[in-house]
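Open the model in your viewer and keep the selection tool at hand.

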Amino acid sequence: MNGWLETIYRSKRQALFGLALSITRRPASAEDAVHDAVLRLARKPNPPEGDAAAYVFRAVRNAALDQLRQGKRGINGKTLGQSNAPSNGQPAPDVWLFADPGPCPAQQTEQSDERRRLMHEVQQLPESQREVIVMKVFGGLTFQQIADAGDAPLSTVASRYQRGLARLKQQMENRYEPASA
């Protein structure tokens, strides 16, 4: 792998996966999208001009969108982009957008309920807001990098981020605040 690509991949792999997963909604398809994008980029002899991190995020985003357009099948055989519910009619379990090998078991137990609620609420955001939040919060990209990766105006990216955060806050408060007596 090219040095520039390896550096970005190692530092951003979870966020790249999270971005692909926020689009495809299927872990296996997200892995495929990241793999396809990185493989294509690894074949390029020189790093891209401009911001390399934004370039990699854009490549992963495009690979995930390509899978949706091509109608690739997800884990349960449904075409990607269709309902996230399994064929048995039961609601699908929450998809963990931001898998992290992170904390010890005791810390994981403490954080699991809050993390699960947050992941559920992130999934409920409109796709454009979800992508921006994944790239900003979990990918550490600047608004300019996100604009470059998503081919959107800087002001649009900033407003999607602000609206997404406001919506997340409202959703979390509405659903998870204890009822007043």
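Select L125 first: this residue sits in the loop between α4 (105–124) and α5. Helices here are DSSP runs of H or I with at least four residues, strands are runs of E with at least two, and both are numbered from the N terminus. The model is predicted, so local features need pLDDT of at least 70 and side-chain atom pairs count only at pLDDT 80 or more, while totals for chains, interfaces and linings use all residues. Residues are numbered from 1 along each chain as its sequence is written, and side-chain values use heavy atoms, with hydrogens and water left out.

L125 counts as buried because its relative accessibility is 2% (buried is under 20% relative accessible area, exposed over 50%, partly exposed in between; 1.4 Å probe, protein chains only).

Next, show what touches L125. Leaving out residues up to four places away in sequence, its contacts (heavy atoms within 4.5 Å) are R130, I133, G164, R167, L168 and Q171. For Q171, the C-alpha to C-alpha distance to L125 is 9.7 Å, across 46 residues of sequence.

Now select α5, residues 127–138. Its 12 residues reach 16 Å from first C-alpha to last, close to the 16 Å expected at 1.5 Å a residue (1.5 Å times one less than the number of residues). Colour Q129, R130, E131, V132, I133, V134 and M135: these are the buried residues of α5. After the helix comes G140, with a positive phi near 70°.

Finally, zoom out. The protein chain has 7 helices and 0 strands, and 37% of its 181 residues count as buried.
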